[in-house]
Amino acid sequence: MPGMDVFGAEERHEVNEVLETGCLFRYNHEHLRQDRWKARELEAETRKYTSAAFAHAVSSGSTAVAAAMAASGLGFGDEIIVPPFTYIATIEGVLLGGGLPVFAEIDENLCLSAEGIEKVITPRTKGVMLVHMCGAAADMDSILAVCKKHNLKLLEDAGQALGAFYKGKSVGLFGEAGAFSLDFFKIITAGEGGLCITNDEKISNYIEQFSDHGHSHLGSNRGMEAHPILGTNFRLSELHAAVGLAQIRKLHDIRDRKRHNHSYLKSRLSEVAELRFRPVPDQDGDSGTFLNFFLPTQALAEQTAKNLAAAGIGVNYWFTNMYHFINQWDHLKKLESPFKMAIHHLGAPQDYSNLDIPISQDVVGRLLSVGTKVTWTKEDMDKLADQMIDVIRKTIG
Ligand SMILES: Cc1ncc(COP(=O)(O)O)c(C=O)c1O
């Protein structure tokens with residue numbers, strides 16, 4: 001919970017400004033709000049940080065994914081290529097929008113690979129929902145090339161990757177639109193919240209309208225505003241926006257400190273010759289939120305995770321312990337849902353219980369990740385590294 005590591009007076013000040021006026025709603029009510037516009041300011045800061053032409057705050061990372069998909073014109077019956085290693089929210093977003101998820105291989109960069117994408121393209125493929133996993137960007141040059149070649153729309157679920165860049169460009173700006181999460185566990189948090197960014201004005205307008213029942217947001221009489229499209233309510237409250245606003249102003253500093261700690265811990269763990277680290281196409285673009293490394297085999301990774309846990313050291317072993325890999329998604333394999341989605345009518349495009357994804361199984365099977373902390377001192381990191389190295393060496397033998 002990095003954002004929460006630096007929660008303090010600034011967040012309380014922004015929230016109090018909202019509480020003083022009582023204007024918890026992001027639109028209109030000029031007579032109440034004393035010119036305080038927290039969601040708007042959060043969007044302005046997001047544009048500044050990412051250099052996006054447009055940014056829109058929404059209620060969660062999940063709704064940001066759904067809004068980005070709808071606004072890009074992807075929906076009923078469209079095959080959308082997704083990774084098997086992500087939080088389930090990515091897949092739910094595609095399903096709720098009427099899309100049909102098609103799983104492709106990731107590689108050691110922990111994101112979809114261009115080769116993986118190309119292998120599962122069919123005449124019904126309309127888009128790719130790329131996930132920038134664990135705080136760093138996918139290999140954008142090759143992925144953009146494959147999307148261009150096959151005329152696929154690219155969406156970016158950057159739920160875990162605010163503060164990640166590729167060759168100087170923020171993730172979320174490579175395709176139609178990108179989605180960030182501001183939930184409690186992310187690099188910065190609003191408690192709950194999300195952000196959509198795009199450089200496309202038409203898509204931006206759709207994101208904004210779709211996230212508020214199609215409201216045009218033109219004029220000053222909300223009750224009589226035009227509704228050019230159907231939508232729903234993905235709005236962010238001013239209270240959440242206030243927290244997010246204070247946090248995004250700290251993002252440069254959080255990222256710098258995380259990258260510093262990431263690099264120091266990596267240098268220490270490099271003392272174990274058997275460990276390999278996640279290859280990141282643009283090292284300078286890594287937000288530093290996770291240090292990801294591979295053990296030589298799945299069995300050693302599993303045992304190392306167990307031994308580290310027994311020693312009181314928390315690491316993520318996504319293959320079995322976390323809800324981020326398809327092996328754990330029995331509900332998806334059975335298409336369990338309280339209502340009929342497009343996929344129930346049209347049928348799943350793949351047999352989700354028997355996917356041919358040996359590379360992803362191998363990669364995630366060998367992967368361990370440590371979430372970096374902003375508040376770590378050098379002494380904290382040395383102690384952690386000494387303990388980890390000891391456990392890893394004893395496990396590897
Ligand atoms: C890759 C990814 N996408 C989307 C989400 C959903 O974000 P939220 O919890 O804000 O709905 C998450 C949350 O963990 C995520 O990791």
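Trainee: Which helices each supply at least two residues of the shell around the ligand?

Mentor: Helix H5 (61–71) and helix H6 (89–96) do. The model is a predicted one. Within that shell, H5 gives the largest share, 3 residues.

Trainee: Which residues come nearest to the ligand?

Mentor: Gly-61, Ser-62, Tyr-87, Gly-159 and Ser-181, out of the 15 residues around the ligand.

Trainee: How do the residues of the shell divide into nonpolar, polar and charged?

Mentor: The division is 4 nonpolar, 9 polar and 2 charged. Gly counts as polar here.

Trainee: Why is strand S4 called largely enclosed by the rest of the structure?

Mentor: A residue is buried if 20 or more other C-beta atoms lie within 10 Å of its own. In S4 (residues 125–131), 6 of the 7 residues are buried, and therefore the strand is largely enclosed.

Trainee: What makes S2 and S4 a pair?

Mentor: At least two bridges are needed for two strands to pair. Strand S2 (residues 79–82) and S4 have 3 bridges, in the parallel sense. In one of them, Ile-80 has Gly-127 of S4 as its partner.

Trainee: How do you know that S4 and S5 pair?

Mentor: Between S4 and strand S5 (residues 153–157) there are 5 bridges, again in the parallel sense, and two would be enough. Val-131 is bridged to Asp-157 in S5.

Trainee: What unit do S4, helix H8 and S5 make?

Mentor: Together with helix H8 (residues 140–149), S4 and S5 form a right-handed β-α-β unit. The word right-handed applies because the path from the first strand over the helix to the second runs clockwise when the strands point away from the viewer.

Trainee: Why is helix H10 described as largely enclosed?

Mentor: The count decides, since 10 of the 11 residues of H10 (residues 238–248) are buried, so the rest of the structure largely encloses the helix. Glu-238, His-240 and Gln-247 are among the buried ones, as are Val-243 and Leu-245.

Trainee: What makes strand S11 mostly covered?

Mentor: In S11 (residues 290–294), 5 of 5 residues are buried. Side chains in a regular strand alternate between the two faces of the sheet. On one side of S11 are Phe-290, Asn-292 and Phe-294, and on the other Leu-291 and Phe-293. Both faces are covered.

Trainee: Where do the domains lie in the protein?

Mentor: According to the domain assignment, domain 1 covers 2–251 and domain 2 covers 253–396. Their centres, taken over C-alpha atoms, are 24 Å apart. In the contact, domain 1 takes part with 38 residues and domain 2 with 40.

Trainee: Which elements give two or more residues to the side of domain 1 that touches domain 2?

Mentor: Helix H1 (2–5), H6, strand S3 (100–103) and strand S6 (165–166). S3 has the largest share of that side, 3 residues. By class, the side holds 24 nonpolar, 6 polar and 8 charged residues.

Notes: Residues numbered from 1 in each chain as written. Predicted model: local features only at pLDDT ≥ 70, side-chain atom pairs only at ≥ 80, totals over all residues. Buried ≥ 20, exposed ≤ 12 C-beta atoms within 10 Å, placed from the backbone. Helix = DSSP H or I, 4+ residues; strand = E, 2+ residues; numbered from the N terminus. Near = placed C-beta within 6 Å. Domains from an automatic or database assignment. Contact = placed C-beta atoms within 7 Å.
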